[in-house]
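Let's walk through this one with a few questions and answers. Have the structure open beside you as you read.

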Amino acid sequence: MAKKKDKKSVEGYHWGAEPTWEGLNEDQAKSKYFFALNWYNYMASDAQKKKWVLDYAKKKKMKEEVLKRLHSVDAKRFDIGYGDTEDDEMGLDMGVYARLLALGAPVPKEKEAKLKKCIVHLITKKSSTPDETTPNIPNIQENIRNKASGILAEILNVEEKMLSSRFKESGQEAMNILKRETTKGVHCKFIKEELTSIVKEIEFSSKDPDLKEGYSIFRKPELKKYLTWLKALITECDLKIANMSRVRKPRKKKVRSAEDVAKKAQIQESFSELNLKSMPASAIVGSSSAVLFNTKTKELQLLSSFPGQELTIKGTTIFNFDPSSSTKKKVRKMDIVKTSFSKKITITKIRELMEKTLRTKASVPNGRLNKYTMILSVF
């Protein structure tokens, strides 16, 4: 059986070896510079990019404190995003430019100045070093991103052929890749981000001298074709994302048993003084009314739910009771409770007891359950 190629070997086949800069004239170097940015963007890992920035800082003999702080920064933060250093300022993939400078590529002076500015930004901003004790376990989002990266690699390979042929290649193959059934909406979200960043870079190139010089290898009609191609792919991504939202089934709500809902509730199971026994807390879940008695404060509560709703329990509190139709009163003669609840009683009789028999001041109950609370009746 043939040995399966890993992802990196497939990428290497498409992209080739790392760009070199020896023996190139000025025009060749400019053309290769644009390709090199794409090469590093896809082929270089975050860890490599971090190492290249550290090597650059060492070569420039930056202070030991700067090197220590750079070393403590998470590798993913070396790709500075749009507007991170200043509002409306383009980002910078620091490791890419550090590597290009190390290899003698024709990096504009403005980019090196920006690299130094980004180093200052990283060491002055609070670092977010990942917890070394946390095991590196791949999660669902990481798997999705890896799959999307593979699809993006195929698209960028089509892009490279199209750009190299000066648009004699149509680039339609990239659209076919997006339309495949295996390319899902979740993958397109990531792909759209990457393609949108290229569009923004091209549109911003008229304001940035370095970008303008980089894209000067294309004539205006070619650049227009390139933008049209990118935007068509982004539109296809939008369609896939919209379709994903449309076909996704709503998540089925997990049905919990009354016992599970009320498992944290505390009650007093019996009260020998009145010879009464409490109903379980789970009896309240799904009922419309409940009668509670606190053996410590000697308070009787009637809780009635809002119309069309049911009482439920969260932790140690009863929810969904209507304060306007629920009441709480102190009981002065315990015999009233014993007589009323030692046998079956209707909700009408309970309301009569609360409104007429008990003469103490009424107040709004809080619905709390504790070790002194008994559940005398539910409806």
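Q: Over how many bridges do strand E5 and E10 pair?
A: Keep in mind that we're looking at a predicted model here. Strand E5 covers residues 289-294, and Asn294 stands opposite Thr373 in E10. The two strands run in the antiparallel sense, and the number of bridges in their pairing is five.

Q: In what order do the four strands of the open sheet come?
A: Start at the edges: strand E9 (327-330) and strand E10 (373-378) each pair on one side only. The pairing in this open sheet is antiparallel, and from one strand to the next the twist averages 20°. Read across, the order is E9-E6-E5-E10.

Q: Which helix packs on the sheet, touching E5, E6, E9 and E10?
A: Look at residues 347-357, which pack on the sheet and touch E5, strand E6 (299-304), E9 and E10. The direction of this helix makes about 130° with that of E6. The helix is H14.

Q: Is Ala75 buried or exposed?
A: You'll find Ala75 in the loop between helix H4 (64-72) and strand E1 (79-80). Its relative accessibility is 18%, and the cut-off for buried is under 20%. So Ala75 counts as buried.

Q: Which residues does Ala75 touch, not counting those up to four places away in sequence?
A: Ser45 is a handy landmark: 30 residues from Ala75 along the chain, with the two C-alpha atoms separated by 9.1 Å. Leaving out residues up to four places away in sequence, the ones Ala75 touches are Asp46, Ala47 and Lys50.

Q: How many salt bridges does a search of the whole structure find?
A: Some of these join residues into a network, as with Arg166, Arg219 and Glu222. Others can be described pair by pair, including Lys51 with Asp55. The search of the whole structure finds 13.

Q: What separates the closest N and O atoms of Lys51 and Asp55?
A: Both residues lie in helix H3 (residues 46-59), four residues apart, about one turn of the helix. Lys51 is partly exposed at a relative accessible area of 47%, and Asp55 is partly exposed too, at 32%. They form a salt bridge, with the closest N and O atoms 3.0 Å apart.

Q: Why are Glu65 and Arg69 separated by about one helical turn?
A: Their side chains meet in a salt bridge at 3.2 Å, N to O. Glu65 counts as partly exposed at 45% relative accessibility, and Arg69 does as well, at 40%. They are separated by about one helical turn because they sit four residues apart in helix H4.

Key: Residues numbered from 1 in each chain as written. Predicted model: local features only at pLDDT ≥ 70, side-chain atom pairs only at ≥ 80, totals over all residues. Heavy atoms only, no water. Pairing = 2+ DSSP bridges. Axes fitted to C-alpha atoms, helices over the stretch in contact; angles between N-to-C directions. Contact = heavy atoms within 4.5 Å. Buried < 20%, exposed > 50% of the residue type's maximum accessible area, 1.4 Å probe, protein only. Salt bridge = Lys/Arg side-chain N within 4 Å of Asp/Glu carboxyl O.
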